[in-house]
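Hello,

Here is the structure I said I would hand over. Please open it first, then read the notes below it.

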Amino acid sequence: MALLNFLGAIQQVTGSCYLIETYDKKKILLECGMEQGGDNDHHEEHDNAKRSAFTFNPEHIDAVVISHAHIDHSGMLPRLVAEGFRGPIYATDATCELMELMLLDSAHIQEKDTEWENRWRARRGKRPIKPMYVSEDAARVLKLRRPIDYETHTEVVPGVTVAFHDAGHIIGSAIVELKFTEPNDSVRTLVFSGDLGSTCSPLMKAPSTLKHADLLLLESTYGDRDHRCNEDTLDELVAILEQAHKDGGNVMIPAFSVGRTQDILFHLGRFYQEGRLPQHTVYLDSPMAIRANDIYYRHREDFDEHNRSMLIKHNIHNVDDWLPILKITPSPEESMAINKVKSGAIIVAGSGMCNGGRIIHHFKHNLWRKDCHIIFTGFQARGTNGRAIVDGAKTVRVFKEDIMVGAQVHTLGGFSAHAGQSQLINWASQFENRPELYLIHGELDKMEILQSEFKKRLDWDVNIPELGDRIAL
Ligand SMILES: [Zn+2]
Ligand SMILES: [Zn+2]
């Protein structure tokens, strides 16, 4: 009988990680995500490069399965390899492609952060620390990738197959179905929802539905509420853009490079095609988002049916066919040139929460101006500049300088990449045999609300596991 260990994203959102041991002692790691957010003060941390980052020996893992490329699901892979993992890493094609840019970027951040930290340490006579991992580790991960198509069953270790089903969250995202053949030839099925998409994204399909599982791991990021996502949100966006045009300033849209940016650009393209976009230029100021666009459009056969046929009809092969006033600015020089543009521009820039990335450079030139606008389209975590602005801060600190928030601030809901409460419950209710259900990837208070909703609506007792729990499949 196979055993499942809950190692990460337990009663929290980040750090997705589950270890499965088969009856004949093979080990499969489902997800290898990084914990993010929380305490940003690393100064008192131990020398984390010396200790193992895992509660298991990476050399003993036979195979890894990854649901999608977000760092909280894949970000520890370079460390796993640095600590001796040499097996195959299974993921969809698009996930394999996205992992390349995300893991190399993550390694770069680790290196830079450590450099910064070590300068601080040197001034205090403390010994230097090593980064969690470096670019070479990320490069070694890339060699272990095994891309597989959606809806095919592939053997990952003897007696265990994996199949990926579209989760509709970001391009390449998957619901993971693992089938275990036991010694008596009976088959047990584990389904892991991964991050389930909402119906808000114009590019992603609705999550696939599955009929059978013995054990179900269900994400619960928004287990406490339903999303509002409809045409109203888009009309609101158009109204803001019109107002900004009248005011004569620029519009800043901080957005995550993978997923949200592609959705926003698609909407802006639609407004352009419909003659509803008054601005003269849309700048995409994020090297990662620029590369992610290419991956998205290369995989456009996976787009939502309706919009895919619209793109085919208009002979659209990439985002600039759809939004011809898009100007990409991969180099720092091109990025800085945007500073000279005083009006009529929409600047979509990296770093969704405004604590780093190119968006903060634009703050210096636009945030203090009353004729400019800033539009938030995603969650802003506590302690970030983005959250401070949303909460009405008068100034934010950027590059050791306090910048006044003069721009008009807008928060638009309705762009979520995660299923809301009712959608989660409906999705789970489509399993015909009512599997044993465990809630993961959510904060405890939200899970408890979702748990009681399952009880109330379906009289279904679902579980909230503790970190380190181990269950039999
Ligand atoms: Zn995700
Ligand atoms: Zn996630």
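Start with Lys-400, which is exposed, with a relative accessible area of 71%. Please keep in mind that this is a predicted model.

Lys-400 sits in the loop between E17 and E18. Its phi is near 60°, a positive value in a residue other than glycine. Most residues other than glycine have a negative phi, which is the reason for pointing this one out. Phe-399 lies in the loop between strand E17 (395–398) and strand E18 (401–404) as well. The phi of Phe-399 is also positive, near 50°. Is Phe-399 buried, exposed or partly exposed? At 45% relative accessibility, Phe-399 counts as partly exposed, because the exposed class begins over 50%.

Next, helix H8, which covers residues 305–313. Which residues of H8 are buried? They are Asn-307, Met-310 and Leu-311. Seen down the axis of H8, these buried residues fall within an arc of 100°, so they line one face of the helix. The face turned away from that buried side carries the exposed residues Ile-312 and Lys-313. Helix H6 (260–273), helix H7 (287–298) and helix H9 (319–322) are among the elements that cover the buried residues of H8. After H8 comes Asn-315, which has a positive phi, near 55°.

Which residues coordinate the zinc ion (ligand 1)? They are His-68 through NE2, His-70 through ND1, His-169 through NE2 and Asp-195 through OD, at 2.2 to 2.4 Å. The angles among the 4 donor atoms run from 92 to 168°, and the site is irregular. It does not count as tetrahedral, because that would need all angles to lie between 85 and 135 degrees.

Along the chain, the donors follow the spacing H-x1-H-x98-H-x25-D. His-68 and His-169 link distant parts of the chain, 101 residues apart. His-68 is in the loop between strand E4 (63–65) and helix H1 (71–74), while His-169 is in the loop between strand E8 (160–166) and strand E9 (174–181). Both of these histidines are buried.

What does Asp-195 bridge? It bridges the zinc ion (ligand 1) and the zinc ion (ligand 2), which lie 3.4 Å apart.

Regards

Methods. Residues are numbered from 1 along each chain as its sequence is written. Chains are lettered from A and ligands numbered from 1 in the order in which they are written. This is a predicted model: local features need pLDDT of at least 70, side-chain atom pairs count only at pLDDT 80 or more; totals for chains, interfaces and linings use all residues. Side-chain values use heavy atoms; hydrogens and water are left out. Helices (H or I, at least four residues) and strands (E, at least two) are DSSP runs, numbered from the N terminus. Buried means under 20% relative accessible area, exposed over 50%, partly exposed in between (1.4 Å probe, protein chains only). The arc is that of the directions from the helix axis to the C-beta atoms. Contact means heavy atoms within 4.5 Å. Donors are N, O and S atoms within 2.8 Å of the metal (3.2 Å for Na, K and Ca); water is not among the atoms, so sites may look incomplete. Four donors count as tetrahedral if all angles lie between 85 and 135 degrees; four count as square planar and six as octahedral if opposite donors are over 155 degrees apart and all others between 65 and 115; anything else is irregular.
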